Amino acid sequence: MSSAARSVDIAGSRLTTDVPVADGAAKVDPLLRDQLSNLRGLLVLSMVMTESTDERQILDLATRAVPSLGRCHVAGVRLVNSGWHATSPPCAGPDLRVAVGAQLHQLGGGGGMLAIQNEQWAWAFPLRGLEGPIGHLVVGAPEEPSGSEQFLLRVLAQQTGVALANAWLHTKERATAQQLAAANTALAQTIRALERSTAIHDQLTRVAVSGEGQEGIARAVHKLTGFPVAVEDRYGNLRAWAGPNRPEPYPKDPQARREQMLRRALREDRPIREAGRLLAIARPREDVLGVLVLVDPGGTAGEQELVALEHGATVLAMELARLRSLADTELRVRRELVDHLLGGGDEEGALALAQMLDYDLERPHQVLVVEGRGRRRDEDAFFHAVRRAARDVGAGVLLMARGRAIVVLSPTGAPFDRLCGAVLAELGGGTCRIGVGGVCERPSEFPRSYREAQFALKMQAIAKGVAQVVQFDALGVYRLLSEVPDTAGVERFVRSWLGALLDYDARRNSELVDTLTEYLKCGGSYDTAAQSLSVHRNTLKYRLQRIREISGHDLSCPETRFNLQLATRAWQTLMGLRS
Amino acid sequence: MTHTLELGIPGLRLTAGDHVCAFYRGPGERDEILIPYLRAGLVTGDKCICVVDAVEPRQVLSALGSEAEVNGWISDTQLELRASTEAYLRSGRFCTEEMLAFWEDFVGPAVTGKFTFARSVGEMTWALRQAPGVDELIGYESELNRFLPRYPQVILCLYDLERFGGEIIIDIVKTHPRILLGGMVVDNPNYLEPDEFLAIRSRSAPVDIQHVYDHSAG
């Protein structure tokens with residue numbers, strides 16, 4: 001056995017040592033075996049690093065392996081994208097970091113010698129990823145490591161770079177996959193919501209098309225949501241119900257609270273929650289046609305229930321708008337018919353319009369003139385209150401507004417005495433008076449009945465009557481006087497008995513004719529007449545004395561009193577006719 | 001004829017005399033190696049000696065088989081299961097000679113008696129404790145290579161990569177002829193024989209085991 005100097009090239013690193021040689025065959029040098037063993041260790045370390053997807057873990061493995069590869073240590077790891085790495089032993093102090101950082105910057109993507117305070121030897125080993133330099137592994141040592149040790153450090157740095165690039169790529173791919181998964185989840189949710197929305201839309205559209213009306217809409221929304229459902233009109237009256245536990249009687253909010261709720265729902269423009277109920281307004285525009293209600297005292301209704309409720313409210317709005325349009329058309333035709341009749345239009349035309357409405361015009365009718373108002377002046381509300389009240393009490397369905405009054409063509413025998421009360425109930429208070437014209441057997445008689453109804457109302461006002469319903473047929477002498485064809489004779493009669501008093505009242509703006517009228521109406525009772533006129537008894541006596549003096553009539557004479565009373569009635573009748 | 005045996009993981013085989021270090025991440029991966037390795041040996045009729053550290057011995061027993069099976073293996077002395085404090089650290093410190101004697105006491109009589117083969121396994125996380133003598137770990141691993149050829153046996157050393165860092169991996173690889181990593185058994189023809197390793201080591205800096213403590217997650 002002999003010994004010879006052997007030089008062995010191991011993966012770019014030249015080891016030179018004395019190698020024992022036996023029988024001409026080379027025996028592997030222990031240092032070479034150590035180097036090979038280190039490389040095997042690096043291979044395993046590289047496999048471990050490559051399996052990791054955690055940047056911090058990879059750098060931790062690499063930096064802690066450095067002392068195993070020689071008498072050296074890690075001075076720091078600096079990555080291009082994140083600077084000095086916190087988990088590795090960093091270059092001490094910010095000043096030193098700045099100095100080393102500047103040197104690394106000069107090195108660019110390559111490696112090389114560094115000058116670091118308190119390090120006899122320092123080297124920057126480049127970390128390279130798949131797309132170029134990603135940083136440096138900075139190693140320090142008390143003396144320059146051997147070539148084989150430096151080779152191991154280069155391999156370690158190279159493997160660390162690959163592992164880091166792999167981990168970043170993995171992280172990026174995972175993030176992309178997560179984004180994709182999130183996008184897929186969102187898309188699936190959107191599709192499910194759309195499918196559900198389409199199903200809701202289809203079901204409600206079928207209900208709308210099939211003409212199941214408000215009941216059908218309530219049933220469909222109940223079926224879709226599982227909650228009890230109510231359809232209310234804008235005033236809170238129940239129009240349809242679907243589901244269990246229908247309340248009896250159906251609760252109704254006070255008008256002010258109802259209006260407040262409607263205003264809030266219109267303002268928020270989406271279903272609102274109030275008193276354990278979810279409410280959606282059925283509205284084509286700003287006009288509230290109805291309210292769709294989901295009864296949900298537990299507040300458990302979710303997004304899908306809201307969607308069903310909103311769709312339901314839209315379909316309900318369409319249904320109510322359709323009904324309103326039908327009603328409007330019918331109302332318009334009715335109005336045309338009433339106008340035609342009151343205007344004395346031809347009978348044939350009137351009967352044709354009545355036939356369109358499937359209305360029997362050839363039965364006896366009476367014309368009603370309804371005057372009044374609710375608590376606040378709203379002529380439209382008054383019209384609809386009269387319309388509903390007339391329909392509900394059976395007082396007629398043909399009506400139209402004329403001026404501030406509503407004219408109703410009422411079949412004879414209809415309970416129009418109940419109409420006033422019904423109108424006031426619809427309005428929630430206010431005033432209401434009705435004049436009732438005489439019976440008309442033929443369509444051509446409606447203008448006369450209309451005049452009579454108007455006259456009855458006027459006479460009631462002139463005569464200061466208190467009754468809410470005044471029938472022309474019950475006007476007595478007023479009716480007789482109003483039907484005198486030549487009012488000039490009546491006027492002459494009035495002038496002959498009341499002329500002096502009328503002239504005096506006109507000159508002095510006094511009320512002697514009114515006083516005389518009330519005195520005679522009260523049968524000559526001072527007390528009753530004074531009370532009716534709201535004057536003191538002595539005032540009444542004084543006025544009566546003036547009446548005697550001006551007219552020259554003896555009020556105690558029965559014949560005179562009769563003629564004077566007839567003259568006052570005639571005077572009132574003339575005023576009624578003239579107005 | 002070379003004696004080969006099932007590792008317990010399908011497709012992987014060991015050879016008599018193998019000193020294998022197995023790297024894994026966490027208890028789940030550990031059990032995927034440990035349990036099949038022991039069960040394969042027990043089913044084959046090998047003497048099995050297991051030392052665990054991060055898991056209770058009774059948990060290993062319950063994972064190995066039915067209560068009847070396990071009771072049979074224990075009463076037959078086929079299975080020896082110890083905690084690390086009863087083996088590596090049984091004297092309160094780690095001592096290479098004591099531990100080699102431990103293996104000798106179990107393996108020697110077994111394979112000269114009623115068993116023909118022994119398979120041993122040790123969970124090495126005990127070396128991360130601050131106990132005296134743990135800095136002998138790498139030297140001990142190297143010395144085991146002298147012990148292995150003496151009997152028909154294999155020894156599996158379990159290293160948790162979540163707890164052991166880079167400073168230990170390279171030295172561990174140097175002292176193990178075979179490495180189990182990522183489901184593969186990798187031959188290590190360049191592992192250093194004990195004499196080589198200890199000679200080289202004496203010329204270079206020893207592994208700073210205290211540094212291992214400072215950085216280990218455990």
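Tutor: In this predicted model, the contact is made by 25 residues from chain B and 23 residues from chain A. On the chain B side, three elements each supply at least two residues: α6 (166–174), β8 (178–181) and α7 (194–203). Of these, α6(B) gives the most, with 7 residues. By type, the chain B side divides into 13 nonpolar, 7 polar and 5 charged residues.

Next, a sheet in chain A. Here 5 strands form an open, antiparallel sheet in the order β5-β4-β8-β7-β6. At its edges stand β5 (83–84) and β6 (112–113) of chain A; each has a single partner strand, so one side of each has no neighbour in the sheet. Strands of a sheet pair through backbone hydrogen bonds, either parallel or antiparallel. For β7 (residues 121–129) and β8 (residues 132–141) of chain A, the pairing is antiparallel and runs over 9 bridges.

Last, a single residue. A:Leu337 lies in helix α7 (residues 303–342) of chain A. A:Leu337 counts as buried because it has 25 C-beta neighbours inside 10 Å, and the cut-off for buried is 20 or more. Leaving out residues up to four places away in sequence, A:Leu337 touches A:Ala350, A:Leu353, A:Ala354, A:Leu357 and A:Leu398. One of these, A:Ala350, is 13 residues from A:Leu337 in sequence, and the C-alpha atoms of the two are 6.0 Å apart.

Methods
Residues are numbered from 1 along each chain as its sequence is written. Chains are lettered from A and ligands numbered from 1 in the order in which they are written. This is a predicted model: local features need pLDDT of at least 70, side-chain atom pairs count only at pLDDT 80 or more; totals for chains, interfaces and linings use all residues. Two residues are in contact if their C-beta atoms, placed from the backbone, lie within 7 Å. Helices (H or I, at least four residues) and strands (E, at least two) are DSSP runs, numbered from the N terminus. Ala, Val, Leu, Ile, Met, Phe, Trp, Tyr, Cys and Pro count as nonpolar, Asp, Glu, Lys and Arg as charged, and the others, Gly among them, as polar. Two strands pair if DSSP finds at least two bridges between them. A residue is buried if 20 or more other C-beta atoms lie within 10 Å of its own, exposed if 12 or fewer, and partly exposed in between; C-beta atoms are placed from the backbone.
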